[in-house]
Amino acid sequence: MPPIEGGVYDIALDVSVAFITTAAEAEQLYAVELSDLDALHVVGTTRLLAGGMNVAADTQYVLVGSPAARLSLWRFVFN
């Protein structure tokens, strides 16, 4: 897996996916499949309102937010 642009800020784990927010200007939320730990790959990204946002996840939803930005909620579907 290539390096995460902007550096990793926070990680939340679901059963088969890790959700990663970036620390700096890249301002991204990455979804990384965990089914093969020897071959991790990004299965999705979305732009966030700011860098350095916290992330929480369950089997269907991802919540990101920070004191400087509002909360955002995404429904995540992974096949």
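Biologist: What share of the 79 residues in the protein chain is buried?

Modeller: In this predicted model, buried residues make up 35% of the chain's 79 residues. A residue is counted there if its relative accessible area is under 20%.

Biologist: What makes Ser-72 count as buried?

Modeller: Its relative accessibility is 16%. The cut-off is under 20%, so Ser-72 falls on the buried side. Ser-72 sits in strand 7, residues 69-75. Beyond its neighbours within four places in sequence, Ser-72 is in contact with Leu-49, Val-62, Leu-63 and Val-64.

Biologist: Why is Gly-65 called buried?

Modeller: Gly-65 has a relative accessible area of 8%, and the limit is 20%, so the term applies. Gly-65 belongs to strand 6. Its contacts, neighbours within four places aside, are Met-53, Asn-54, Arg-70 and Leu-71. The C-alpha atoms of Gly-65 and Met-53 are separated by 5.2 Å, with the two residues twelve apart along the chain.

Biologist: Gly-52 lies in a loop, between strand 4 and strand 5. Is Gly-52 buried or exposed, and what is its relative accessible area?

Modeller: Gly-52 is buried, at 16%. Gly-52 touches Tyr-9, Thr-22, Ala-23 and Ser-66, once residues up to four places away are set aside. From Val-42, ten residues away along the chain, Gly-52 is separated by 19 Å between C-alpha atoms.

Biologist: How many residues does the largest nonpolar core have, and which have the most contacts inside it?

Modeller: The largest core has 13 residues. Those with the most contacts inside it are Phe-19, Leu-29, Val-55, Val-62, Val-64 and Phe-76. Strand 2, strand 3 and strand 6 (61-66) each give two or more residues to this core. The name "core" is used because such residues are buried, of nonpolar type, and joined through side-chain atoms within 4.5 Å. In soluble globular proteins, nonpolar side chains tend to be buried together.

Biologist: Which residues is Leu-29 in contact with, leaving aside its neighbours within four places in sequence?

Modeller: Contact here means heavy atoms within 4.5 Å. On that basis Leu-29 is in contact with Phe-19, Ile-20, Thr-21, Gly-44, Thr-45, Thr-46, Leu-48, Val-55, Val-62, Val-64 and Trp-74.

Biologist: What makes strand 1 and strand 4 edge strands?

Modeller: The open sheet of four strands has the order 1-2-3-4 with antiparallel pairing. Strand 1 and strand 4 (41-47) each have a single partner strand, so one side of each has no neighbour in the sheet. The twist from one strand to the next averages 20°.

Biologist: Which strands make up the open sheet of three, and in what order?

Modeller: Its order is 5-6-7, again with antiparallel pairing. Strand 5 (54-57) and strand 7 are its edges, each with a single partner strand, so one side of each is left without a neighbour in the sheet. Its neighbouring strands are turned by 15° against each other on average, direction ignored. Strand 6 and strand 7 pair over five bridges, and Val-64 has Ser-72 in strand 7 as its bridge partner.

Biologist: Why is the protein chain called as compact as a globular protein of its length?

Modeller: The chain has zero helices and seven strands. Its radius of gyration is 12 Å, and the globule rule gives 12 Å for 79 residues, so the chain is as compact as a globular protein of that length. Along the principal axes, the C-alpha atoms fill a box of roughly 35 × 25 × 15 Å. The accessible surface comes to about 4,800 Å², with 54% belonging to carbon and sulfur atoms.

Technical notes
Residues numbered from 1 in each chain as written. Predicted model: local features only at pLDDT ≥ 70, side-chain atom pairs only at ≥ 80, totals over all residues. Heavy atoms only, no water. Pairing = 2+ DSSP bridges. Axes fitted to C-alpha atoms, helices over the stretch in contact; angles between N-to-C directions. Rg over C-alpha atoms; globule rule 2.2 N^0.38 Å. Buried < 20%, exposed > 50% of the residue type's maximum accessible area, 1.4 Å probe, protein only. Areas by Shrake-Rupley, 256 points an atom, 1.4 Å probe, with all protein chains shown as cover.
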